[in-house]
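Trainee: I would like to learn how to read a few features of a model. Where do we begin?

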Amino acid sequence: MENKHKFQKNSKYYTISIYAIATVIISAILLKVIWHWAATIKSVERIIGMLMPFLIGLLIAYLMNPLVKGLDKKLFEKIFRIKNANVRKALSILISYIFVLGIIIVCISVIIPEIYSSLKNISSGVQDSYNKLIFFLEDFNKKYPDLDISYVTDVVKQNSSNIIDFVKGSLDKILPMLYNTSVSVISWVINIIIAIMVSCYMLIDKNRLLKNCKRFIYAFFKKEHADSFISTCGDCNRIFGGFLIGKTIDSTIIGFMCFLFMNILDLKYTMLISVIVGITNMIPYFGPFIGAVPGVLILLTVNWKYALIFGVLIFGLQQFDGLYLGPKILGDSTGLRPVWIIFAITVGGWLAGAIGMFLGVPIVAVIAFLTDRCIERKLSARKIDSDIL
(Lines give C-alpha, C1' and ligand atoms only; values in the text may rest on other atoms or scores of the structure.)
Protein backbone atom coordinates (compact mmCIF):
# COMPACT_ATOMS: atom_id res chain seq x y z
CA MET A 1 0.00 0.00 0.00
CA GLU A 2 1.41 3.37 -1.03
CA ASN A 3 2.38 5.69 1.79
CA LYS A 4 0.17 8.79 1.53
CA HIS A 5 2.48 10.78 3.82
CA LYS A 6 5.48 10.51 1.52
CA PHE A 7 7.39 13.82 1.24
CA GLN A 8 6.71 15.64 -2.02
CA LYS A 9 8.74 18.57 -3.27
CA ASN A 10 6.79 21.83 -3.59
CA SER A 11 8.55 24.24 -5.94
CA LYS A 12 6.72 27.26 -4.56
CA TYR A 13 7.76 26.70 -0.92
CA TYR A 14 11.20 25.53 -2.02
CA THR A 15 11.80 28.87 -3.75
CA ILE A 16 10.49 30.80 -0.74
CA SER A 17 12.83 28.84 1.55
CA ILE A 18 15.84 29.58 -0.67
CA TYR A 19 15.03 33.29 -0.67
CA ALA A 20 14.55 33.27 3.11
CA ILE A 21 17.88 31.52 3.72
CA ALA A 22 19.66 33.87 1.32
CA THR A 23 18.10 36.90 3.04
CA VAL A 24 19.20 35.69 6.48
CA ILE A 25 22.76 35.00 5.29
CA ILE A 26 23.09 38.37 3.54
CA SER A 27 21.65 40.19 6.57
CA ALA A 28 24.09 38.41 8.88
CA ILE A 29 27.02 39.37 6.64
CA LEU A 30 25.90 43.01 6.48
CA LEU A 31 25.48 43.17 10.27
CA LYS A 32 28.97 41.74 10.77
CA VAL A 33 30.43 44.22 8.26
CA ILE A 34 28.73 47.20 9.95
CA TRP A 35 29.42 46.02 13.52
CA HIS A 36 33.13 45.49 12.81
CA TRP A 37 33.48 48.45 10.46
CA ALA A 38 37.15 49.23 11.26
CA ALA A 39 38.20 45.63 10.65
CA THR A 40 36.15 45.61 7.44
CA ILE A 41 37.92 48.72 6.16
CA LYS A 42 41.32 47.17 6.91
CA SER A 43 40.33 43.96 5.15
CA VAL A 44 39.13 45.89 2.12
CA GLU A 45 42.37 47.91 2.06
CA ARG A 46 44.43 44.71 2.19
CA ILE A 47 42.42 43.18 -0.64
CA ILE A 48 42.73 46.33 -2.74
CA GLY A 49 46.46 46.49 -2.01
CA MET A 50 46.85 42.89 -3.15
CA LEU A 51 44.84 43.49 -6.33
CA MET A 52 46.33 46.94 -7.01
CA PRO A 53 48.65 45.83 -9.87
CA PHE A 54 45.71 44.18 -11.62
CA LEU A 55 43.42 47.18 -11.05
CA ILE A 56 46.08 49.54 -12.39
CA GLY A 57 46.64 47.17 -15.31
CA LEU A 58 42.92 47.20 -16.05
CA LEU A 59 42.90 51.02 -15.97
CA ILE A 60 45.95 51.23 -18.25
CA ALA A 61 44.39 48.79 -20.71
CA TYR A 62 41.13 50.77 -20.65
CA LEU A 63 42.92 54.06 -21.39
CA MET A 64 45.24 52.54 -24.00
CA ASN A 65 42.53 50.66 -25.87
CA PRO A 66 41.32 53.62 -28.02
CA LEU A 67 44.89 54.40 -29.11
CA VAL A 68 45.59 50.75 -29.90
CA LYS A 69 42.32 50.43 -31.81
CA GLY A 70 43.00 53.64 -33.75
CA LEU A 71 46.48 52.53 -34.80
CA ASP A 72 45.18 49.10 -35.75
CA LYS A 73 42.27 50.27 -37.92
CA LYS A 74 43.47 53.61 -39.31
CA LEU A 75 47.23 53.13 -39.64
CA PHE A 76 48.14 49.49 -40.14
CA GLU A 77 44.94 48.29 -41.83
CA LYS A 78 44.03 51.25 -44.07
CA ILE A 79 47.41 52.89 -44.75
CA PHE A 80 49.94 50.04 -44.53
CA ARG A 81 47.31 47.42 -45.53
CA ILE A 82 48.61 44.70 -43.21
CA LYS A 83 46.15 41.80 -43.54
CA ASN A 84 47.26 39.71 -40.57
CA ALA A 85 45.14 40.85 -37.59
CA ASN A 86 47.58 39.48 -34.99
CA VAL A 87 50.50 41.37 -36.54
CA ARG A 88 48.47 44.59 -36.64
CA LYS A 89 47.46 44.20 -32.99
CA ALA A 90 51.04 43.47 -31.87
CA LEU A 91 52.42 46.49 -33.72
CA SER A 92 49.62 48.73 -32.42
CA ILE A 93 50.24 47.71 -28.80
CA LEU A 94 54.02 48.09 -29.16
CA ILE A 95 53.87 51.57 -30.71
CA SER A 96 51.19 52.72 -28.25
CA TYR A 97 53.30 51.77 -25.24
CA ILE A 98 56.45 53.29 -26.73
CA PHE A 99 54.55 56.53 -27.38
CA VAL A 100 53.01 56.74 -23.90
CA LEU A 101 56.21 55.73 -22.09
CA GLY A 102 58.09 58.34 -24.16
CA ILE A 103 55.69 61.03 -22.97
CA ILE A 104 56.11 59.89 -19.35
CA ILE A 105 59.92 59.95 -19.65
CA VAL A 106 59.81 63.46 -21.12
CA CYS A 107 57.56 64.61 -18.25
CA ILE A 108 59.91 63.13 -15.65
CA SER A 109 63.11 64.45 -17.25
CA VAL A 110 61.90 67.91 -18.33
CA ILE A 111 58.72 69.02 -16.57
CA ILE A 112 59.42 67.84 -13.01
CA PRO A 113 62.91 69.46 -12.75
CA GLU A 114 61.44 72.67 -14.17
CA ILE A 115 58.65 72.65 -11.58
CA TYR A 116 61.15 71.97 -8.80
CA SER A 117 63.30 74.90 -9.96
CA SER A 118 60.25 77.18 -10.14
CA LEU A 119 59.24 76.33 -6.58
CA LYS A 120 62.74 77.15 -5.33
CA ASN A 121 62.70 80.48 -7.19
CA ILE A 122 59.31 81.33 -5.69
CA SER A 123 60.63 80.61 -2.22
CA SER A 124 63.63 82.88 -2.71
CA GLY A 125 61.54 85.67 -4.28
CA VAL A 126 58.98 85.97 -1.51
CA GLN A 127 61.08 88.45 0.51
CA ASP A 128 61.68 90.70 -2.52
CA SER A 129 57.96 90.69 -3.33
CA TYR A 130 56.99 91.86 0.13
CA ASN A 131 59.66 94.57 0.07
CA LYS A 132 58.17 95.79 -3.20
CA LEU A 133 54.70 95.73 -1.67
CA ILE A 134 55.78 97.82 1.31
CA PHE A 135 57.60 100.28 -0.98
CA PHE A 136 54.47 100.54 -3.17
CA LEU A 137 52.20 101.24 -0.18
CA GLU A 138 54.55 103.90 1.21
CA ASP A 139 54.90 105.55 -2.19
CA PHE A 140 51.12 105.42 -2.68
CA ASN A 141 50.62 107.04 0.72
CA LYS A 142 52.96 109.90 -0.24
CA LYS A 143 51.28 110.52 -3.60
CA TYR A 144 47.76 110.37 -2.23
CA PRO A 145 47.87 111.64 1.37
CA ASP A 146 44.10 112.10 1.42
CA LEU A 147 43.68 108.34 1.22
CA ASP A 148 44.80 107.10 4.61
CA ILE A 149 46.29 103.65 4.09
CA SER A 150 48.81 103.91 6.90
CA TYR A 151 46.93 101.21 8.80
CA VAL A 152 47.36 98.79 5.87
CA THR A 153 51.04 99.65 5.61
CA ASP A 154 51.59 99.07 9.33
CA VAL A 155 49.80 95.73 9.17
CA VAL A 156 51.93 94.60 6.24
CA LYS A 157 55.14 95.69 7.98
CA GLN A 158 54.23 94.07 11.28
CA ASN A 159 53.07 90.80 9.75
CA SER A 160 55.40 90.54 6.78
CA SER A 161 57.82 88.32 8.67
CA ASN A 162 55.02 86.01 9.75
CA ILE A 163 53.59 85.85 6.23
CA ILE A 164 57.00 85.25 4.69
CA ASP A 165 57.76 82.53 7.21
CA PHE A 166 54.39 80.92 6.48
CA VAL A 167 54.91 80.96 2.71
CA LYS A 168 58.49 79.78 2.95
CA GLY A 169 57.49 77.11 5.44
CA SER A 170 54.75 75.91 3.10
CA LEU A 171 57.16 75.77 0.19
CA ASP A 172 59.77 74.09 2.35
CA LYS A 173 57.17 71.42 3.08
CA ILE A 174 56.23 71.11 -0.58
CA LEU A 175 59.77 70.46 -1.77
CA PRO A 176 60.44 67.54 0.62
CA MET A 177 56.96 66.25 -0.16
CA LEU A 178 57.84 66.18 -3.85
CA TYR A 179 61.08 64.40 -3.02
CA ASN A 180 59.36 61.86 -0.79
CA THR A 181 56.74 61.31 -3.45
CA SER A 182 59.46 60.65 -6.00
CA VAL A 183 61.07 58.15 -3.64
CA SER A 184 57.74 56.43 -2.99
CA VAL A 185 57.18 56.17 -6.75
CA ILE A 186 60.31 54.05 -6.97
CA SER A 187 58.76 51.57 -4.55
CA TRP A 188 55.87 51.26 -6.97
CA VAL A 189 58.14 50.16 -9.81
CA ILE A 190 57.42 46.46 -9.33
CA ASN A 191 53.67 47.05 -9.16
CA ILE A 192 53.80 49.25 -12.25
CA ILE A 193 55.79 46.65 -14.17
CA ILE A 194 53.24 44.00 -13.23
CA ALA A 195 50.42 46.38 -14.16
CA ILE A 196 51.94 47.07 -17.58
CA MET A 197 52.33 43.34 -18.20
CA VAL A 198 48.72 42.76 -17.11
CA SER A 199 47.50 45.57 -19.37
CA CYS A 200 49.43 44.13 -22.32
CA TYR A 201 47.87 40.70 -21.84
CA MET A 202 44.44 42.31 -21.45
CA LEU A 203 44.85 44.19 -24.72
CA ILE A 204 46.16 41.10 -26.50
CA ASP A 205 43.36 38.88 -25.17
CA LYS A 206 40.68 41.60 -25.24
CA ASN A 207 38.44 39.77 -27.72
CA ARG A 208 38.76 36.50 -25.82
CA LEU A 209 38.01 38.18 -22.47
CA LEU A 210 34.95 39.91 -23.91
CA LYS A 211 33.80 36.66 -25.48
CA ASN A 212 34.10 34.82 -22.14
CA CYS A 213 32.15 37.58 -20.38
CA LYS A 214 29.39 37.32 -22.99
CA ARG A 215 29.34 33.54 -22.68
CA PHE A 216 28.87 33.87 -18.91
CA ILE A 217 26.07 36.42 -19.30
CA TYR A 218 24.20 34.41 -21.93
CA ALA A 219 24.63 31.22 -19.88
CA PHE A 220 22.86 32.59 -16.80
CA PHE A 221 20.37 35.11 -18.23
CA LYS A 222 17.64 35.00 -20.83
CA LYS A 223 18.73 36.05 -24.29
CA GLU A 224 16.67 39.24 -24.36
CA HIS A 225 17.96 40.25 -20.92
CA ALA A 226 21.55 39.43 -21.91
CA ASP A 227 21.23 41.45 -25.14
CA SER A 228 19.88 44.42 -23.20
CA PHE A 229 22.59 44.16 -20.53
CA ILE A 230 25.44 44.03 -23.07
CA SER A 231 23.97 46.92 -25.05
CA THR A 232 23.63 48.98 -21.86
CA CYS A 233 27.24 48.22 -20.84
CA GLY A 234 28.39 49.39 -24.27
CA ASP A 235 26.49 52.68 -23.88
CA CYS A 236 27.88 53.21 -20.36
CA ASN A 237 31.39 52.57 -21.64
CA ARG A 238 30.84 55.08 -24.44
CA ILE A 239 29.70 57.76 -21.97
CA PHE A 240 32.37 57.14 -19.32
CA GLY A 241 35.28 56.45 -21.65
CA GLY A 242 34.33 59.23 -24.05
CA PHE A 243 34.38 61.81 -21.29
CA LEU A 244 37.55 60.47 -19.66
CA ILE A 245 39.62 60.31 -22.85
CA GLY A 246 38.09 63.42 -24.41
CA LYS A 247 38.68 65.54 -21.31
CA THR A 248 42.28 64.30 -21.09
CA ILE A 249 42.94 65.39 -24.68
CA ASP A 250 41.14 68.69 -24.11
CA SER A 251 43.12 69.48 -20.94
CA THR A 252 46.41 68.55 -22.58
CA ILE A 253 45.73 70.98 -25.41
CA ILE A 254 44.72 73.76 -22.98
CA GLY A 255 47.86 73.16 -20.88
CA PHE A 256 50.06 73.32 -23.98
CA MET A 257 48.33 76.49 -25.22
CA CYS A 258 48.79 78.09 -21.79
CA PHE A 259 52.51 77.23 -21.91
CA LEU A 260 52.83 78.61 -25.46
CA PHE A 261 51.05 81.91 -24.78
CA MET A 262 52.83 82.45 -21.48
CA ASN A 263 56.16 82.12 -23.29
CA ILE A 264 54.99 84.50 -26.01
CA LEU A 265 53.91 87.02 -23.34
CA ASP A 266 57.23 86.47 -21.53
CA LEU A 267 55.60 85.49 -18.23
CA LYS A 268 57.43 83.66 -15.45
CA TYR A 269 57.08 80.10 -14.16
CA THR A 270 55.45 78.97 -17.41
CA MET A 271 55.98 75.24 -16.92
CA LEU A 272 54.73 75.11 -13.32
CA ILE A 273 51.62 77.20 -14.01
CA SER A 274 50.81 75.44 -17.29
CA VAL A 275 50.91 72.04 -15.59
CA ILE A 276 48.56 73.34 -12.87
CA VAL A 277 46.19 74.76 -15.51
CA GLY A 278 46.22 71.56 -17.56
CA ILE A 279 45.53 69.32 -14.55
CA THR A 280 42.79 71.47 -13.03
CA ASN A 281 41.13 71.85 -16.44
CA MET A 282 40.11 68.20 -16.08
CA ILE A 283 37.42 69.46 -13.69
CA PRO A 284 34.46 70.79 -15.72
CA TYR A 285 33.32 74.41 -15.29
CA PHE A 286 35.36 75.22 -12.17
CA GLY A 287 38.68 73.74 -13.33
CA PRO A 288 40.06 76.79 -15.20
CA PHE A 289 39.25 79.10 -12.29
CA ILE A 290 40.75 76.68 -9.74
CA GLY A 291 43.93 76.58 -11.85
CA ALA A 292 43.96 80.38 -12.26
CA VAL A 293 44.11 81.11 -8.52
CA PRO A 294 47.55 79.57 -7.78
CA GLY A 295 48.88 80.98 -11.06
CA VAL A 296 47.81 84.52 -10.13
CA LEU A 297 49.23 84.17 -6.61
CA ILE A 298 52.54 82.88 -7.96
CA LEU A 299 52.86 85.70 -10.49
CA LEU A 300 51.96 88.29 -7.83
CA THR A 301 55.29 87.43 -6.20
CA VAL A 302 56.95 88.70 -9.39
CA ASN A 303 54.79 91.56 -10.64
CA TRP A 304 51.11 92.39 -10.39
CA LYS A 305 51.05 93.18 -14.13
CA TYR A 306 52.09 89.58 -14.88
CA ALA A 307 49.25 88.34 -12.68
CA LEU A 308 46.75 90.59 -14.50
CA ILE A 309 47.94 89.45 -17.94
CA PHE A 310 47.75 85.84 -16.83
CA GLY A 311 44.20 86.34 -15.54
CA VAL A 312 43.12 87.73 -18.92
CA LEU A 313 44.90 84.84 -20.66
CA ILE A 314 43.10 82.22 -18.55
CA PHE A 315 39.76 83.91 -19.16
CA GLY A 316 40.42 83.77 -22.92
CA LEU A 317 41.48 80.13 -22.78
CA GLN A 318 38.40 79.26 -20.72
CA GLN A 319 36.12 80.91 -23.28
CA PHE A 320 37.90 79.15 -26.15
CA ASP A 321 37.66 75.80 -24.37
CA GLY A 322 34.04 76.22 -23.34
CA LEU A 323 32.71 77.58 -26.63
CA TYR A 324 34.83 75.78 -29.23
CA LEU A 325 37.45 73.21 -28.17
CA GLY A 326 35.41 71.36 -25.53
CA PRO A 327 32.31 70.89 -27.72
CA LYS A 328 34.48 69.80 -30.66
CA ILE A 329 36.28 67.10 -28.65
CA LEU A 330 33.65 66.07 -26.11
CA GLY A 331 30.43 66.94 -27.92
CA ASP A 332 27.49 65.97 -25.71
CA SER A 333 29.30 62.94 -24.28
CA THR A 334 27.65 63.16 -20.86
CA GLY A 335 24.19 64.42 -21.80
CA LEU A 336 23.99 66.21 -18.44
CA ARG A 337 22.48 69.61 -17.85
CA PRO A 338 24.71 72.21 -16.13
CA VAL A 339 22.93 71.85 -12.78
CA TRP A 340 23.68 68.11 -12.70
CA ILE A 341 27.30 68.71 -13.65
CA ILE A 342 27.63 71.18 -10.76
CA PHE A 343 25.93 68.63 -8.49
CA ALA A 344 28.37 65.89 -9.62
CA ILE A 345 31.38 68.14 -9.03
CA THR A 346 30.16 69.20 -5.58
CA VAL A 347 29.33 65.71 -4.33
CA GLY A 348 32.41 64.16 -5.96
CA GLY A 349 34.67 66.78 -4.39
CA TRP A 350 33.10 66.17 -0.98
CA LEU A 351 33.58 62.41 -1.25
CA ALA A 352 36.98 62.13 -2.92
CA GLY A 353 38.54 65.56 -3.37
CA ALA A 354 39.93 66.60 -6.76
CA ILE A 355 39.68 63.08 -8.22
CA GLY A 356 36.04 62.93 -7.15
CA MET A 357 35.37 66.29 -8.81
CA PHE A 358 36.68 64.87 -12.08
CA LEU A 359 35.18 61.37 -11.95
CA GLY A 360 31.90 62.58 -10.46
CA VAL A 361 30.69 63.93 -13.81
CA PRO A 362 30.99 60.71 -15.89
CA ILE A 363 29.71 58.60 -12.98
CA VAL A 364 26.61 60.78 -12.57
CA ALA A 365 26.21 60.74 -16.36
CA VAL A 366 26.17 56.93 -16.36
CA ILE A 367 23.73 56.85 -13.43
CA ALA A 368 21.47 59.39 -15.20
CA PHE A 369 21.59 57.33 -18.40
CA LEU A 370 20.68 54.10 -16.60
CA THR A 371 17.88 55.83 -14.68
CA ASP A 372 16.49 57.37 -17.85
CA ARG A 373 16.55 54.01 -19.65
CA CYS A 374 14.80 52.31 -16.71
CA ILE A 375 12.10 55.00 -16.62
CA GLU A 376 11.57 54.74 -20.37
CA ARG A 377 11.05 50.98 -20.10
CA LYS A 378 8.57 51.39 -17.24
CA LEU A 379 6.61 54.01 -19.19
CA SER A 380 6.71 51.87 -22.31
CA ALA A 381 5.40 48.88 -20.36
CA ARG A 382 2.49 51.03 -19.17
CA LYS A 383 2.01 52.35 -22.74
CA ILE A 384 2.69 55.96 -21.71
CA ASP A 385 4.36 58.26 -24.22
CA SER A 386 7.05 60.20 -22.35
CA ASP A 387 7.07 62.93 -25.03
CA ILE A 388 3.64 64.14 -24.01
CA LEU A 389 4.48 64.37 -20.28
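Mentor: Begin with a cut-off. A residue counts as exposed when its relative accessible area is over 50%, and as buried when that area is under 20%. Keep in mind that this is a predicted model.

Trainee: Is Arg 81 buried or exposed?

Mentor: Arg 81 has a relative accessible area of 64%, so it is exposed. Its backbone deserves a look too. Arg 81 is not a glycine, yet its phi is positive, about 55°.

Trainee: Where is Arg 81 placed?

Mentor: In the loop between α2 (37–77) and α3 (85–143).

Trainee: Which phi does Tyr 269 have?

Mentor: A positive one, about 55°, and Tyr 269 is not a glycine either. Tyr 269 sits in the loop between α7 and α8 (270–280). Its relative accessibility is 16%, so Tyr 269 counts as buried.

Trainee: Now helix packing. What describes two packed helices?

Mentor: The angle between their axes and the distance between the axes. Take helix α6 (residues 206–220) and helix α7 (residues 223–264): they pack at about 145°, with axes 8 Å apart. The crossing of α6 past α7 is right-handed.

Trainee: Which residues make the contact?

Mentor: From α6, Lys 214, Ile 217 and Tyr 218. From α7, Lys 223, Ala 226, Asp 227, Phe 229 and Ile 230.

Trainee: How many residues of the contact of α6 with α7 are nonpolar, polar and charged?

Mentor: That contact has 5 nonpolar and 3 charged residues, and no polar ones.

Note on methods. Residues numbered from 1 in each chain as written. Predicted model: local features only at pLDDT ≥ 70, side-chain atom pairs only at ≥ 80, totals over all residues. Heavy atoms only, no water. Axes fitted to C-alpha atoms, helices over the stretch in contact; angles between N-to-C directions. Helix = DSSP H or I, 4+ residues; strand = E, 2+ residues; numbered from the N terminus. Left-handed = near helix turned anticlockwise from the far one by under 90°. Contact = heavy atoms within 4.5 Å. Nonpolar A, V, L, I, M, F, W, Y, C, P; charged D, E, K, R; others polar. Buried < 20%, exposed > 50% of the residue type's maximum accessible area, 1.4 Å probe, protein only.
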